[in-house]
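Thank you all for coming; I would like to go through one model this morning, moving from its pairing patterns to its packing. Please have the viewer open as I talk.

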Amino acid sequence: MKMRQKRKASALGTLLAIFILLGGGYAIYKILHSNEFETNRPVIEMPLERFWNSHHPFDINISDDSGLKKVIAYLSNGSERIKIADVDFKKAPKSYRLQIRYPKLGFVHESDTLILTVIAQDISKWNFFKGNSNVKKARLRIDNQKPDVFALINSYGITRGGSAVAIFKAADANLKELYVETNFGKRFQPIPFYKEGYYIVLLAWPITQKRFSAKVIAKDEAGNVSRARIGFFLKSRKYRTSYLQAKERFINGKIADLAEDEPELTKNLSPTEKLKFINEVYRQTNDALIKEIASKVDHNRVDSFEIQPFNPLRNGKVVGSFGDHRYYWYKDKSNIISESYHLGIDLASIRMDDIIISNPGIVVFANYNGIYGNMLMVYHGLGLYTVYGHCSTLLKKRGELVQAGEVGAKTGATGLALGDHLHFSTLVQGIFVRPAEWMDKKWIQTNIIDVIENAKKMIDK
Ligand SMILES: [Zn+2]
C-alpha cells in the first residue's frame with residue numbers, strides 16, 4: 001500500500017517537472033521570438049551623397065522592428081561638428097522622420113561639402129540589454145547657385161495652330177531637369193544646340209488653346225530652379241467651320257466598312273451611331289497613336305536645321321484645310337449627327353500619285369491606322385513629324401531612312417476617304433500643327449532658318 005502511494009507521488013513529481021520544463025522552455029522560446037530580443041539594426045534611409053540648398057530642409061526616414069529608443073545626428077564641415085538632433089523616445093515608435101535643417105550660414109560656405117552622421121538605437125534587449133544601433137554617414141554637397149538660364153532668340157511670332165522655334169542658354173554644374181513649360185500643360189523637350197550650354201526647341205500652339213505662353217524651366221540636383229519667359233507676338237487665327245452631308249452611300253460604304261475594324265464596339269449601333277463612333281471615338285484612338293509616336297524627341301546635338309518646304313504631291317490641289325471644324329448632318333441640315341476637327345490638309349491630284357517626302361528622315365510608322373487608312377509617318381529631327389494618310393501603297397518600312405525627294409507611298413482612298421487624295425499632317429512634339437507653315441519657303445526662312453543662323457552669330461560673338 002505504502003509502496004503504491006510513494007510511486008504515485010513520484011509519478012506526480014515527474015509530471016510536474018515536465019510541466020515546469022515545458023513551460024520554462026516555452027517562456028524562453030516566447031521571449032527569444034518576440035521583438036524584445038530582436039537582433040536587427042534600425043534602418044536609416046539616406047543616400048551616401050546628395051545635393052542640398054538652403055531653401056529645402058529634407059527628411060530622413062528611420063525605422064526599427066522593435067521600436068526606436070534614441071536618434072542623434074551631427075553635421076560636420078571638416079573643422080567643426082555640430083549636433084543637429086538628439087531625440088529620446090518615450091513611446092518607442094517603429095519609424096521616425098528626422099528633418100535636417102540648413103545650419104547657420106557661417107557653418108557652410110558656398111559649394112562646401114558637409115558630412116551628415118545619423119545614429120539610431122532601438123529598444124531591443126539584445127546585446128546584454130544595450131540594444132542594436134546603426135550609424136550612417138552622407139556627403140551633402142551644398143549648391144545654392146541657381147541654374148543660369150537666358151532666352152537668347154526665338155521666332156518673332158507664333159500663330160494659333162502653328163509652330164515656332166526658341167533658342168536659349170541653360171547652364172548649371174549639376175543640371176537635373178530642363179524643359180519648356182506652357183500654359184496648357186505640355187512640356188516641350190529641348191535639344192542641345194551648337195555649343196555647350198545652349199538648347200533649341202520647336203514649340204507648337206495647339207489649335208484647341210485660346211492662349212499661348214512658354215517659359216524655360218531649369219532645375220539642378222540641389223533643387224534650385226530658374227525660369228525664363230520666351231516672349232512671342234501672338235497671332236490668333238480663325239479656322240473654318242464646314243457642314244457636310246452624311247449621305248447614305250458614305251454611311252453604308254466607308255463608315256460601315258470601318259466599323260468592322262471594331263466589331264465588338266459597333267455591333268449594336270445604328271448606321272448614324274456608327275458614323276459618330278468612327279468620326280469621334282475611333283478618330284481619337286487613331287490620333288492618339290500618331291501623337292504618341294510624335295511626342296518622342298531625339299537628344300542629338302543640332303547645329304542647323306536645313307528644312308525645305310514640304311510639297312508632297314507634284315500637282316496637288318488643296319481640297320481640305322487644317323483646323324476645319326466639320327459638322328456632319330443627316331437628311332436635314334439641322335440634324336447634326338457628329339463633328340470633328342480636321343488636323344491636316346487634304347491634297348488631290350491624279351489617282352495613285354507619288355507621295356514625295358521632301359526632307360530626309362526616318363520612317364517611324366508604316367501601317368494601317370483606322371480612319372487614316374494606310375499611313376506613313378516620318379521623323380525629320382527637332383521634334384518635327386510628317387504624316388501621310390489614305391495611301392494605296394506604302395513603299396517604305398518602319399525604321400527605314402528616307403532621302404529628301406524620295407517617293408514614300410502612293411495616294412489612295414484607304415480609311416475615311418471618299419476619293420483618292422492625300423491627308424498630310426505635321427506635328428511638333430506630339431501636337432498637330434498647320435502644315436501650311438512647313439510648306440511655305442518664306443515662312444520657314446523667316447521663322448526657323450534665320451532665327452537659328454542669328455542664334456549662332458550671337459553665341460559666337
Ligand atoms: Zn484629311
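In which sense do strand 19 and strand 21 pair, and over how many bridges? Before I answer, a word on what we are looking at: this is a predicted model, in which local features need pLDDT of at least 70 and side-chain atom pairs count only at pLDDT 80 or more, while totals for chains, interfaces and linings use all residues. Residues are numbered from 1 along each chain as its sequence is written.

Now the answer: strand 19 pairs with strand 21, residues 324–330, in the parallel sense, over five bridges, and Thr 241 stands opposite His 325 in strand 21. Strands here are DSSP runs of E with at least two residues, helices are runs of H or I with at least four, and both are numbered from the N terminus; two strands pair if DSSP finds at least two bridges between them.

These two strands belong to an open sheet of three, in the order 19-21-22, with mixed pairing. Strand 19 (241–245) and strand 22 (332–342) are at the edges with a single partner strand each, so one side of each has no neighbour in the sheet. From one strand to the next the twist averages 30 degrees. Helix 4, residues 271–294, packs on this sheet and touches strand 21 and strand 22, and its direction makes about 20 degrees with that of strand 22. For such angles, axes are lines fitted to C-alpha atoms, for helices over the stretch in contact, and the values run from 0 to 180 degrees between N-to-C directions; contact itself requires that the C-beta atoms of two residues, placed from the backbone, lie within 7 Å.

Let me turn to helix 2, residues 248–259, whose buried residues are Ile 251, Ile 255, Leu 258 and Ala 259. Seen down the helix axis, the buried residues of helix 2 fall within an arc of 95 degrees, so they line one face of the helix; the arc is that of the directions from the helix axis to the C-beta atoms. Buried means that 20 or more other C-beta atoms lie within 10 Å of the residue's own, exposed means 12 or fewer, and partly exposed is in between, with C-beta atoms placed from the backbone. On the face of helix 2 turned away from the buried side we find the exposed residues Arg 249, Asn 252, Gly 253 and Asp 257, whereas the cover over the buried residues includes helix 3 (263–266) and helix 4.

Another position to look at is Pro 190, in the loop between strand 13 (187–188) and strand 14 (191–192). Pro 190 counts as buried because it has 24 C-beta neighbours inside 10 Å. Leaving aside residues up to four places away in sequence, Pro 190 touches Leu 178, Tyr 179, Val 180, Tyr 199, Ile 200 and Val 201.

Finally, some antiparallel pairs. Strand 4 (residues 68–76) and strand 7 (residues 113–122) run antiparallel over eight bridges, with Ala 73 opposite Val 118 in strand 7. Strand 7 is also joined to strand 8 (residues 133–142) by nine bridges, again antiparallel, and there the bridge partner of Ala 120 is Asn 134 in strand 8.
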